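Dear colleague,

I am passing on the structure below, and after it I set out what was found. Please keep it open while you read.

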Amino acid sequence: ALVQAMERRLPGIFHVGGPRAMTRLEILNTLVDAMRARRPLETDIRSCSIHDFEFPEPRPLDTTLRIERIREATGITFRTVEETCERLVRQRYPDVD
C-alpha cells in the first residue's frame, strides 16, 4: 500500500490497516492462537486499559484506522489479521506443523 501510494504520488494522509477493526488484545490473541496451532505456547496475558498507563498526554480509546481512502485510490485488498498472523508464524516456524 505504501509503495503504491508513493508510486501514484497520492497526496494527503492514508491509513493502512486490516479490513476490520480489532482491539490490540484481539490482535494479540489472534497471534497467540496462530502460534499455538504450530507449537506449544504458555502465556500469561492480562487485559488492561490504556488508562492504566501514565502518559504525559491523553490517549484516544478509538484508534481505528479507516482504510477506505487507500483502498479506493489503489484497489488494494488488505489481508485480515488472521491471515497476517498465520503468515508470520509460518515464516518464523517453517518446519513445525
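What volume does the largest pocket have? Its volume is about 1000 Å³, where a pocket is, on a 1 Å grid over the protein atoms alone, an open set of points where a 1.4 Å probe fits, with protein on both sides within 12 Å along at least five of seven lines, and a volume is the space filled by probe spheres set on the points, joined across faces, edges and corners. Of the 36 residues that line this pocket, the closest to its centre are Met22, Thr23, Arg24, Ile27 and Thr63, a lining residue being one with an atom within 4 Å of a point.

Before going on, please note that this is a predicted model, in which local features need pLDDT of at least 70 and side-chain atom pairs count only at pLDDT 80 or more, while totals for chains, interfaces and linings use all residues. Residues are numbered from 1 along each chain as its sequence is written, and side-chain values use heavy atoms, with hydrogens and water left out.

The helices α2, α3 (68-74) and α4 (81-92) each supply at least two residues of the lining of the largest pocket, and the largest share, 4 residues, comes from α2; helices here are DSSP runs of H or I with at least four residues, numbered from the N terminus.

Thr30 is found in α2, which covers residues 24-36, and Thr30 is buried, with a relative accessible area of 13% (buried means under 20%, exposed over 50% and partly exposed in between, with a 1.4 Å probe and protein chains only). A polar atom of the Thr30 side chain lies 2.8 Å from the backbone oxygen of Glu26. Beyond its neighbours within four places in sequence, Thr30 is in contact (heavy atoms within 4.5 Å) with Met22, Val81, Glu82 and Cys85.

The side chain of Arg38 reaches the backbone oxygen of Tyr93 at 3.2 Å.

Finally, the structure holds 0 disulfides, a disulfide being a pair of cysteine sulfur atoms within 2.5 Å. The sulfur of Cys48 is 19 Å from the closest cysteine sulfur, in Cys85, which is too far for a bond. Cys48 is partly exposed at 48% relative accessibility, while Cys85 is buried at 5%.

With best wishes

Methods. Polar contact = N/O pair within 3.5 Å; in protein donor to acceptor, adjacent residues only side chain to side chain.
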